[in-house]
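Morning, everyone. Let me put the model up, and then we will walk through it contact by contact.

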Amino acid sequence: MGLANYITAILNFAAFLCSIPIIAAGIWFAQKPDNVCIHLFRWPVIVLGFLILLVSLAGFVGACFYKKTLLAFYLCCMAILIALLLILLVFAFVVTRPDGSYDVPGKGYKEYRVEGYSSWLRNRIVDSKSWNKIRACLADTDVCPKLNQQYITVDQFFAAHLSPLQSGCCKPPTACGYNFVNPTVWTNPTNPTGDPDCYLWSNDQTQLCYNCKSCRAGLMGNLRSEWRKVNIILIVAVVVLICVYVIACSALKNAQTEDLFRRYKQGWI
């Protein structure tokens, strides 16, 4: 194996390793309760990760055995995958940039407004037809029931840093003035007109605030938070992949030049 091919093989192995955190981030993202209920957001990162893994393996084999067809396939496909990763990063950043959260005085958690999020997210979550399926799915998760095991007293609950999904779906809006019984049971609102969601709250454990706008906002808040964590991994991965790709292109070009020069010296052309 020539030096250039050796370098290209190492770089493709680095790209292969780079695909592992991408796949891991995609699996972590897909297993979150909110993403279990929204299939649209589950697969892009995982699929891209596996494609990068397969293309890197093809490039590794091509470099080890100097298969020009595999190397050409690697260069073409990796350029496309890097472009797709960049598009996904930019899209995710634009979609998750608006933040619908706001502070609640005297509470450790925040609350959320639908209007604060991007129109793209709202169109895919707030729509009533989509929400009926999402709501039923959320009600089957342990997002709200586990709060009853974590927080016993009202002081513990009010100091808690709830996730956006828990804040929006598992309790009534603070403005309603409900009295705390436990994290998912609230009674006697002192200000039932303080928020339209006040009338939608139910102590039925299969209902809670799943019909509330605050729950839809909380779901979008969760998606925003999780996407931004995944984006950090994707940014590092795409920078490494671009560096690997540029160096690999340079190494292959040098290998072709050396091959041409060697053939020239041998009198083949």
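Start with Leu208. Its relative accessibility is 2%, so Leu208 counts as buried. The cut-offs: buried is under 20% relative accessible area, exposed is over 50%, and partly exposed is in between, with a 1.4 Å probe and protein chains only. Leu208 sits in the loop between strand 4 and helix 10. Elements here are DSSP runs numbered from the N terminus: helices are H or I with at least four residues, strands are E with at least two. Phi of Leu208 is near 40 degrees, a positive value in a residue other than glycine.

Some ground rules before I go on. This is a predicted model, where local features need pLDDT of at least 70 and side-chain atom pairs count only at pLDDT 80 or more, while totals for chains, interfaces and linings use all residues. Residues are numbered from 1 along each chain as its sequence is written, and side-chain values use heavy atoms, with hydrogens and water left out.

Back to phi. Most residues other than glycine have a negative phi. Asn188 has a positive one, near 50 degrees. Asn188 is also in the loop between strand 4 (185–187) and helix 10. Is Asn188 buried or exposed? Exposed, with a relative accessible area of 56%.

The expected span is 1.5 Å times one less than the number of residues. For the 21 residues of helix 3 that gives 30 Å, and the end C-alpha atoms are 30 Å apart, so the two agree. Buried residues in helix 3 include Val45, Leu48, Ile52, Val55 and Gly59.

Now the record. An unreviewed UniProt entry lists residues 6–29, 41–66, 72–95 and 230–248 under "transmembrane region". Those positions are in the numbering used here, feature names are shortened, and annotations may be inferred rather than shown by experiment. What does the model show for residues 6–29? That span is 100% helix and 0% strand, with its end C-alpha atoms 35 Å apart. Residues 230–248 are likewise 100% helix and 0% strand, and there the end C-alpha atoms are 26 Å apart.

Next, salt bridges. The rule: a side-chain nitrogen of Lys or Arg within 4 Å of a carboxyl oxygen of Asp or Glu. How many does that give? Two. In one, Lys171 pairs with Glu111, with the closest N and O atoms 2.5 Å apart. Lys171 is in the loop between helix 9 (164–169) and strand 3 (179–182), and Glu111 is in strand 2 (residues 110–112), so the pair ties together parts 60 residues apart in sequence. Both Lys171 and Glu111 are buried.

The other joins Glu115 and Lys213, closest N and O atoms 3.0 Å apart. Glu115 is in the loop between strand 2 and helix 5 (119–125), Lys213 is in helix 10 (residues 213–265), and the two are 98 residues apart. Glu115 is exposed at 53% relative accessibility. Lys213 is partly exposed, at 43% relative accessible area.

On to the rings. The structure holds eleven aromatic pairs. Rings of Phe, Tyr and Trp (its six-membered ring) pair if their centres lie within 6.5 Å; planes under 30 degrees apart are stacked, over 60 edge-to-face, and the rest tilted. Take Tyr109 and Phe157: centres 5.9 Å apart and planes at 55 degrees, so this pair is tilted. Tyr109 lies in the loop between strand 1 (101–103) and strand 2, and Phe157 lies in helix 8 (residues 154–158), so parts 48 residues apart in sequence are tied together. Phe157 is buried, with a relative accessible area of 0%.

Then Phe158 and Trp186. Their centres are 6.2 Å apart and their planes at 35 degrees, so this pair is tilted. Phe158 is in helix 8 and Trp186 in strand 4, 28 residues apart. Phe158 is partly exposed at 23%, whereas Trp186 is buried at 4%. Ring pairs link Tyr109, Tyr151, Phe157, Phe158, Phe180 and Trp186 into a cluster.

Last, charges over rings. The test is NZ of Lys or CZ of Arg within 6 Å of the ring centre and within 35 degrees of the ring normal. The charged end of Lys107 sits over the ring of Phe158, 4.5 Å from its centre. Arg113 lies over the face of Tyr102, 3.9 Å from the ring centre.
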